[in-house]
Amino acid sequence: MFAAVDLGATSGRVITGRVGPDELVLTEAHRFANTPVRLPDGLRWDVLALFQGMLDGLGAAARTGPVTSVGIDTWAVDYGLLDAEGSLLGVPFHYRDDRNAAAAEEVLAGIGAQELYGVGGLQHLPFNTLFQLAAHRTTAQWPAARTLLLMPDLLVYWLTGSVGAEVTNASTTGLLDARSGRWSEELMERLGLDRSLFPALREPGERAGTLLPHVAGLTGLSASTPVTTVASHDTASAVAAVPATEPGFAYVSCGTWSLAGLELDAPVLSEASRAANFTNERGVDGTVRYLRNIMGMWLLEECRRTWDREGTPTSLAGLLADAARARPFAAVIDPDDPGFLAPGDMPARIDAALARTGQAAPDGPGGYVRCVLESLALAHRRTLREAAELAGCELTWIHLVGGGSRNELLCQWTADATGLPVTAGPAEATALGNVLVQARAHGLIGGLWEMRQLVARTQELRHYSPRGDVRAWDRAAERLDVRV
């Protein structure tokens with residue numbers, strides 16, 4: 001039995017997984033909230049609450065039977081700084097904190113966007129780690145910093161005392177060379193960053209260490225329990241569990257974000273790729289996740305939080321039923337409008353975006369939900385078509401994994417908008433990828449394709465064929481002046 005610690009942007013879970021020749025069974029041991037904290041100096045992660053939730057979850061897993069290994073995945077880009085004694089310097093910033101935009105402009109003024117892309121191959125996002133570091137260098141903490149650990153590496157350190165940087169998450173910093181998969185010391189020097197801040201890289205499947213005695217005592221796990229390095233960027237774990245049985249597939253890992261793209265053998269670092277804002281991140285076994293971040297179910301989640309604050313509680317099932325009945329294409333938005341990034345009144349910001357494009361506000365919550373889901377389907381279509389063109393690939397199938405795979409409207413509308421069949425599921429792709437990498441490290445399963453075939457054989461999947469009038473999607477796309 002393997003324990004997968006899976007931390008998302010809004011919640012954390014500890015999942016146990018059992019793996020056999022035709023068995024891949026997940027059981028949720030513990031779930032806990034991931035609630036950011038707004039402090040006077042910015043938006044922060046409550047990392048101590050996350051660590052305690054993880055310990056509670058590992059304790060719950062230990063009570064169900066012997067745990068063979070533990071693996072941790074989280075979101076990307078955010079980090080903690082340690083001092084010379086290994087103590088955390090301050091509370092880690094949240095990537096949605098507004099300090100990053102000015103720092104990004106400062107970095108780009110000194111090093112051109114083309115040069116940065118030529119090294120790291122990253123989509124320009126103001127919260128990429130290298131931009132966050134530029135903002136952090138002005139604080140009193142910076143001179144005391146001796147080690148930088150991305151969020152999953154920080155939690156591994158607290159479990160084991162072992163320091164390292166897992167490569168799939170390191171690839172989201174902008175400081176990893178996209179071609180070699182190694183830290184770019186030249187770029188660090190250009191940015192004035194001390195190379196010694198960045199630990200040695202680890203590949204998925206490596207043993208990070210065993211539990212510290214006090215962790216074993218708190219959780220009831222054996223002190224000899226290994227912590228296995230998994231694909232610690234949650235999207236990398238999710239893509240590893242895509243149930244594809246042959247090449248030529250596209251994927252959408254849909255949760256708070258929609259990560260839509262392709263799996264390639266080598267990065268695409270052309271100027272056209274940079275201009276289209278595609279990212280080249282590392283995957284399992286040296287693969288490249290060629291994708292673009294799309295503002296995903298965050299839009300719907302923030303709408304629901306706003307309605308709840310206003311005293312209009314809404315069930316997701318009821319909202320989706322209302323959305324199915326709402327008028328098609330009454331309003332569409334660009335999900336990647338920067339105005340949607342920060343927490344706050346999402347319906348008001350959707351209204352403002354619609355007003356800028358000469359569209360009327362939706363009629364009631366169901367209309368807003370339809371607007372969000374149709375707009376996401378259009379964004380999936382635009383992104384996957386551009387990715388295929390830039391990479392010189394022909395797409396035959398889309399795999400939509402993650403929590404969004406449970407949303408039948410989104411899955412069907414993605415099939416309709418793209419004109420491609422969609423396989424939806426597994427919803428727990430991230431935890432599955434985490435467990436499978438651990439199982440492979442312990443000799444229970446073979447390579448990446450064998451892992452995916454096991455997912456396809458054992459997990460519940462749903463299939464959606466394109467239907468309806470594709471010209472209606474064309475017309476909706478034209479209203480946003482997007483490439484079709």
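Figure 1. Ser-184 lies in the loop that joins α6 (167-170) to α7 (185-190). Helices (H or I, at least four residues) and strands (E, at least two) are DSSP runs, numbered from the N terminus. This is a predicted model in which local features need pLDDT of at least 70 and side-chain atom pairs count only at pLDDT 80 or more, while totals for chains, interfaces and linings use all residues. Residues are numbered from 1 along each chain as its sequence is written, and side-chain values use heavy atoms, with hydrogens and water left out. Ser-184 counts as buried because its relative accessibility is 8%; buried means under 20% relative accessible area, exposed over 50%, and partly exposed in between (1.4 Å probe, protein chains only). Apart from neighbours within four places in sequence, Ser-184 is in contact with Val-119, Leu-175, Leu-176 and Asp-177, where contact means heavy atoms within 4.5 Å.

**Figure 2. Packing of helices α12 and α14.** Two packed helices are described by the angle between their axes and the distance between the axes. For α12 (residues 316-325) and α14 (residues 364-391), the angle is about 80° and the axes are 7 Å apart. α12 is therefore roughly perpendicular to α14. Angles under 35 degrees count as roughly parallel, over 145 as roughly antiparallel, 65 to 115 as roughly perpendicular and the rest as oblique. The axes are lines fitted to C-alpha atoms, for helices over the stretch in contact, and angles run from 0 to 180 degrees between N-to-C directions. On the α12 side the contact is made by Leu-319, Leu-320, Asp-322, Ala-323 and Ala-324, and on the α14 side by Pro-365, Gly-366, Val-369, Arg-370 and Leu-373. By class, seven of the residues in this contact are nonpolar, one is polar and two are charged. Here Ala, Val, Leu, Ile, Met, Phe, Trp, Tyr, Cys and Pro count as nonpolar, Asp, Glu, Lys and Arg as charged, and the others, Gly among them, as polar.

**Figure 3. The largest pocket.** The volume of the largest pocket is about 1,300 Å³. On a 1 Å grid over the protein atoms alone, a pocket is an open set of points with protein on both sides within 12 Å along at least five of seven lines, a cavity is a set of points where a 1.4 Å probe fits but cannot get out, and lining residues have an atom within 4 Å of a point. Grid points are joined across faces, edges and corners, and a volume is the space filled by probe spheres set on the points. The largest pocket has 47 lining residues, and Cys-254, Gly-255, Thr-256, Glu-301 and Gly-403 lie nearest its centre. Elements that give two or more residues to this lining include β13 (249-254), β14 (257-264) and α11 (298-309). α11 supplies the largest share, five residues. The lining comprises 18 nonpolar, 18 polar and eleven charged residues.

**Figure 4. The second largest pocket.** This pocket holds about 320 Å³ of space. It is lined by 17 residues, of which Gln-123, His-124, Leu-125, Asn-277 and Asp-336 are the closest to its centre. Two or more lining residues come from each of β16 (288-295) and α14, and β16 gives the most, with three. Nine of the lining residues are nonpolar, four polar and four charged.

Figure 5. The whole structure has four cavities of 30 Å³ or more. The largest cavity, of about 60 Å³, has Ile-72, Pro-152, Glu-166 and Arg-202 among its lining residues. Helix α5 (residues 151-160) contributes the most to this lining, three residues. The second largest cavity has a volume of about 50 Å³, and its lining includes Leu-176 and Asp-177. β15 provides the largest share of that lining, three residues.

Figure 6. Most residues other than glycine have a negative phi, and most peptide bonds are trans. Val-77, in the loop between β6 (69-73) and β7 (79-82), has a positive phi of about 70°. Val-77 is buried, at 7% relative accessible area. Asp-285, in the loop between β15 and β16, also has a positive phi, near 60°. Asp-285 is partly exposed, with 47% relative accessible area. The peptide bond from Gly-425 to Pro-426 is cis, with omega near 5°. Pro-426 sits in the loop between β18 (422-424) and α16 (429-441).
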